[in-house]
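Let's take a walk through this structure together, starting at the ligand and then moving on to a few backbone details.

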Amino acid sequence: MGNSILNTIKERHCKRAFLDRPVDREVIERVLTVASNAASSKNTQPWQVVALDGNTLNVLRDLLLKKHDAGDFDGLDYTYTLDPEPDTFKARARDCGYKLFELKGIGRDDVAARKAHGRLNWEFFGAPVVLFFFLPAGAERGNFLDMGQFLQNVMLGLVSEGLGSCPQVSVAAHGKTIREHLGLSDELWLVCGLSVGVPDTQALINTYVPTRLPLDHYFKWAK
Ligand SMILES: Cc1cc2nc3c(=O)[nH]c(=O)nc-3n(C[C@H](O)[C@H](O)[C@H](O)COP(=O)(O)O)c2cc1C
């Protein structure tokens, strides 16, 4: 494929292991600046982003791990998906999880190992930088749609800078704690986190690419 944008889209997959190498703040700022060219309805640009690195991130990491281990979650600020969730969605999510565990050599009944994998979310997979994406409290579907454009631009921009990332709704289950840590008010909803760093190309987990549905499963020309 000669088209560099299509190649970058294909190249972007979640990275869940990072090198112990800092990321230049200037790179993050450049990516976020370019990402803001995302489309949003009437150019409302509803997103807010807070980045953490160094000690600020380490303190939060420790705090969230403590809360996670105590089973103490604040709960998501918003409802993520349909309730009840369609069986097709559930099946794809299960398949995504099973295949990832298979790659890591974790058996389907190995609850402890599965939990240990889940816990890596609150360690931000060892990333040196984490971005938190916020919307105004009470945000509606359209605002989330706009945020999605922006988030994808950020992830693609990071790829173009040789960086990898993993979006994480899991960490948003600690929205209140994270807001308090950052000195933010309840007027913002935490949509998700994004762990960012130089991907560890030797890490098996970073080879994981969940399969995609063929085009005819989600597209047709109108007759
Ligand atoms: C909004 C959003 C939230 C996500 N939350 C998590 C998460 O909490 N933990 C995680 O490991 N992956 C998370 N993911 C990554 C998805 O599992 C991943 O995008 C999907 O399996 C497709 O894989 P790929 O992005 O590597 O192509 C999230 C993705 C999105 C878009």
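Which strand gives the largest share of the shell around the ligand? Keep in mind that this is a predicted model. The answer is strand 3 (residues 164-168), which supplies three residues. Around the ligand you will find His13, Cys14, Cys96, Asn121, Cys166, Pro167, Gln168, Val169, Ser170, Cys192, Val209 and Pro210. Sorted by class, that shell holds eight nonpolar and four polar residues, with no charged ones.

Now for the backbone. Most residues other than glycine have a negative phi, and most peptide bonds are trans. With that in mind, have a look at the loop between helix 3 (54-69) and helix 4 (87-103), where aspartate 83 lies. Proline 84 is found in that loop too, and a cis peptide bond joins aspartate 83 to proline 84, with omega at about 0°. Aspartate 83 counts as exposed because it has 6 C-beta neighbours inside 10 Å. From aspartate 83 to serine 41 is 42 residues in sequence and 27 Å in space, C-alpha to C-alpha.

Next come two residues with a positive phi. Lysine 42 sits in the loop between helix 2 (25-35) and strand 1 (48-53), and its phi is near 55°. Phenylalanine 124 belongs to the loop between helix 5 (111-119) and strand 2 (129-136), and phi of phenylalanine 124 is also near 55°.

Is each of them buried or exposed? Lysine 42 is exposed, since 7 other C-beta atoms lie within 10 Å. Phenylalanine 124 has 25 other C-beta atoms within 10 Å, so it is buried.

Notes:
Residues are numbered from 1 along each chain as its sequence is written. This is a predicted model: local features need pLDDT of at least 70, side-chain atom pairs count only at pLDDT 80 or more; totals for chains, interfaces and linings use all residues. A residue is near a molecule or strand if its C-beta atom, placed from the backbone, lies within 6 Å of it. Helices (H or I, at least four residues) and strands (E, at least two) are DSSP runs, numbered from the N terminus. Ala, Val, Leu, Ile, Met, Phe, Trp, Tyr, Cys and Pro count as nonpolar, Asp, Glu, Lys and Arg as charged, and the others, Gly among them, as polar. A residue is buried if 20 or more other C-beta atoms lie within 10 Å of its own, exposed if 12 or fewer, and partly exposed in between; C-beta atoms are placed from the backbone.
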